[in-house]
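Student: Hi! Could you walk me through this protein model?
Tutor: Happy to, let's take a look together.

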Amino acid sequence: MISLATQRYIVMGLLNTLLGYGIIVAAMVFGGLSPPWANASGYAVGLVVAFFAYKHWVFIGSHRPWWRQIHLFLLSFLFSYGGNMVVLMVCLYVLYVNPYMAQMIAMMTYTVLFYLINRHVVFAVKHHG
């Protein structure tokens with residue numbers, strides 16, 4: 001059975017992914033940004049939305065102070081985004097994948113890494129037993 005936090009993460013992840021991907025595509029199409037810069041703009045917006053959604057709706061029950069959560073959240077983001085960028089660059093410049101498809105593949109990498117770190121580190125709930 002999938003936990004409530006995982007279910008909420010999936011819902012929030014889908015919404016945030018649509019928002020982020022929309023910003024990425026708009027930045028490339030209308031803003032003329034390169035795929036890496038467009039990617040950064042989409043993730044910048046998504047990061048702010050994600051922190052508040054995760055803290056107040058997805059991973060409820062963490063007793064870690066908010067300032068510590070922000071610190072760990074940013075580190076989690078940097079690690080996950082680094083993985084995203086590595087995959088994006090490999091897709092674009094080694095495998096020559098279409099830029100729009102490459103963005104989607106890179107986003108999947110980010111999503112999995114970010115979930116695991118946030119679930120088990122940033123917003124972890126201590127179980128007493």
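**A chat about the model**

Tutor: Let's start with Y96, which sits in the loop between helix 3 and helix 4; helices here are DSSP runs (H or I, at least four residues), numbered from the N terminus. This is a predicted model, where local features need pLDDT of at least 70, side-chain atom pairs count only at pLDDT 80 or more, and totals for chains, interfaces and linings use all residues. Residues are numbered from 1 along each chain as its sequence is written, and side-chain values use heavy atoms, with hydrogens and water left out.

Student: OK! Is Y96 buried or exposed?
Tutor: Y96 is exposed, with a relative accessible area of 66%. Buried means under 20% relative accessible area, exposed over 50%, and partly exposed in between (1.4 Å probe, protein chains only).

Student: And what is phi of Y96 near?
Tutor: Phi of Y96 is near 55 degrees, a positive value in a residue other than glycine. Most residues other than glycine have a negative phi.

Student: Switching topic: how many residues has helix 1?
Tutor: Helix 1 (residues 4-29) has 26 residues. From first C-alpha to last, helix 1 reaches 37 Å, close to the 38 Å expected at 1.5 Å a residue; that expected span is 1.5 Å times one less than the number of residues.

Student: Which residues in helix 1 are buried?
Tutor: Among them are Y9, G13, N16 and G20. Their cover includes helix 2 (35-58) and helix 4 (99-122).

Student: What about the largest nonpolar core, which residues have the most contacts inside it?
Tutor: Those are Y54, F59, F73 and F114, in a core of 31 residues. A nonpolar core is a set of buried Ala, Val, Leu, Ile, Met, Phe, Trp, Tyr and Cys residues joined through side-chain atoms within 4.5 Å.

Student: Which elements give two or more residues to this core?
Tutor: Helix 1, helix 2, helix 3 (66-93) and helix 4 do.

Student: What is F73 in contact with?
Tutor: Leaving aside neighbours within four places in sequence, F73 is in contact with residues including L47, Y54, F114 and F123. Contact means heavy atoms within 4.5 Å.

Student: Nice. Last one: how do the residues lining the largest cavity divide?
Tutor: Into nine nonpolar, seven polar and no charged. Ala, Val, Leu, Ile, Met, Phe, Trp, Tyr, Cys and Pro count as nonpolar, Asp, Glu, Lys and Arg as charged, and the others, Gly among them, as polar. On a 1 Å grid over the protein atoms alone, a cavity is a set of points where a 1.4 Å probe fits but cannot get out, and lining residues have an atom within 4 Å of a point.
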